[in-house]
Amino acid sequence: MQAEEQFKSKFKEKSKTQSKQKSFWQGVIAMLPLSIAVIPWGILAGSYAIEVGLTSLESQGMSMIVFAGAAQLVALGMIKSGIGLTSILLTTLLITSRHLLYGMALRKDVSSLPLKWRLSLGFLLTDELFAIVTTSKDHLFNRWYALGGGLSFYVFWNIATLLGIIAGQSIPNMENWGLDFAIASTFIAIIIPMVKAKSILVCVLVSLVSSVVCRIYNIEIGLLISALIGMACGTLYARMTGESV
Amino acid sequence: MIWITIGLMAAIVFISRYLFLEPKLPLKLNKHSLQFLSYAAPAVLTAIIAPLVLVKEQALYLSIDNNYLVGAIIACLLAYFTRNTLLTVVVSMGIFFFVL
């Protein structure tokens with residue numbers, strides 16, 4: 001009898017481990033298109049860092065420790081133009097402030113997890129991870145799925161940076177190749193399937209117009225303002241029309 | 001100096017990602033705020049790429065010569081009709097880098 005119980009609990013344990021592994025790899029696979037798509041963008045981050053005058057170690061370190069493409073590229077541009085640390089940090093804060101929204105949206109699922117999970121998933125919380133977690137098929141949050149997606153993306157990002165560092169040492173001016181188109185292409189591939197309701201279309205169009213206007217008038221906080229206006233318009237539209245998303 | 005910059009940037013990025021995942025932070029989100037936040041991904045991602053595609057030197061750049069715009073339109077069509085992320089990014093980047 002006891003043996004049977006033991007066997008049962010062992011079996012349970014095993015199937016639990018398997019489902020953890022399964023979720024982890026499902027996350028890796030769900031992220032794979034975005035991981036591949038980030039390669040040109042990572043190459044750009046690595047080669048541009050070299051172009052700006054960082055050492056190989058500093059260039060790799062930036063991708064390993066900061067792990068935020070847009071913020072890294074903008075900061076590198078500012079270092080190149082000799083802009084001071086305070087301005088670089090303020091700009092980083094503006095660009096990265098969108099992650100506050102992601103954190104808020106994931107709060108209900110992640111804040112109850114143990115510290116090591118919160119710290120790991122927090123560190124790995126990129127635009128791409130947020131996208132795959134919020135559009136996962138069953139809409140249920142799974143920590144292993146998120147970890148698989150986030151960790152594999154981190155590995156791709158750093159390998160791509162390394163490739164950029166190597167290439168950047170022999171090929172000058174790679175930043176003029178248009179490698180940043182990769183981010184446009186990737187985000188379009190994420191956004192279009194998300195537009196499943198009219199309110200989301202409203203949100204996207206408002207955010208588009210607003211961010212373009214802000215860029216034209218050189219409003220630095222444009223990203224955050226535009227995102228918030230887009231979100232507000234989407235929400236209002238949904239409420240007014242009684243749409244259920 | 002570079003390492004200090006990297007360290008401080010990393011701290012800012014990490015804090016912004018982690019802040020609201022911290023349970024000790026007193027913040028309760030009701031149904032309405034959660035609905036609002038459900039629009040975060042499409043709104044933020046659009047606001048990141050729209051200026052990259054549509055603006056050059058602080059002016060609207062609506063022209064067939066704008067490779068970013070042509071590439072982005074191709075990516076939109078691919079994403080809409082195939083619903084396949086990998087195909088969309090690989091084909092649109094291929095066209096952008098080798099054809100346009």
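This is a predicted model: local features need pLDDT of at least 70, side-chain atom pairs count only at pLDDT 80 or more; totals for chains, interfaces and linings use all residues.
**View 1. Fold of chain A.** Of its 245 residues, 52% count as buried (under 20% relative accessible area, 1.4 Å probe, protein chains only). Contacts are heavy atoms within 4.5 Å. Among those in chain A with a separation of 6 or more, 77% join residues 24 or more positions apart.

**View 2. The interface of chains A and B.** Here 88 residues of chain A are in contact with 64 residues of chain B. The buried area is about 6900 Å², with 78% from carbon and sulfur atoms (accessible area lost on being put together, 1.4 Å probe, summed over both parts). Met104(A), Arg107(A) and Phe181(A) supply 11% of the area that chain A buries against chain B, more than any other three residues.

**View 3. The salt bridge between the chains.** One salt bridge is counted between chain A and chain B. The side chains of Glu22(B) and Arg118(A) form it at 3.6 Å, N to O (cut-off: a Lys or Arg side-chain nitrogen within 4 Å of an Asp or Glu carboxyl oxygen). Helix H10 of chain A, residues 181–194, gives the largest share of the side that touches chain B, 14 residues.

**Notes.** Local features need pLDDT of at least 70, side-chain atom pairs count only at pLDDT 80 or more, and totals for chains, interfaces and linings use all residues. Residues are numbered from 1 along each chain, chains are lettered from A and ligands numbered from 1 as written, and side-chain values use heavy atoms, leaving out hydrogens and water.

Conventions:
Buried area is the accessible area (1.4 Å probe) that two parts lose on being put together, summed over both. Helices (H or I, at least four residues) and strands (E, at least two) are DSSP runs, numbered from the N terminus. Buried means under 20% relative accessible area, exposed over 50%, partly exposed in between (1.4 Å probe, protein chains only).
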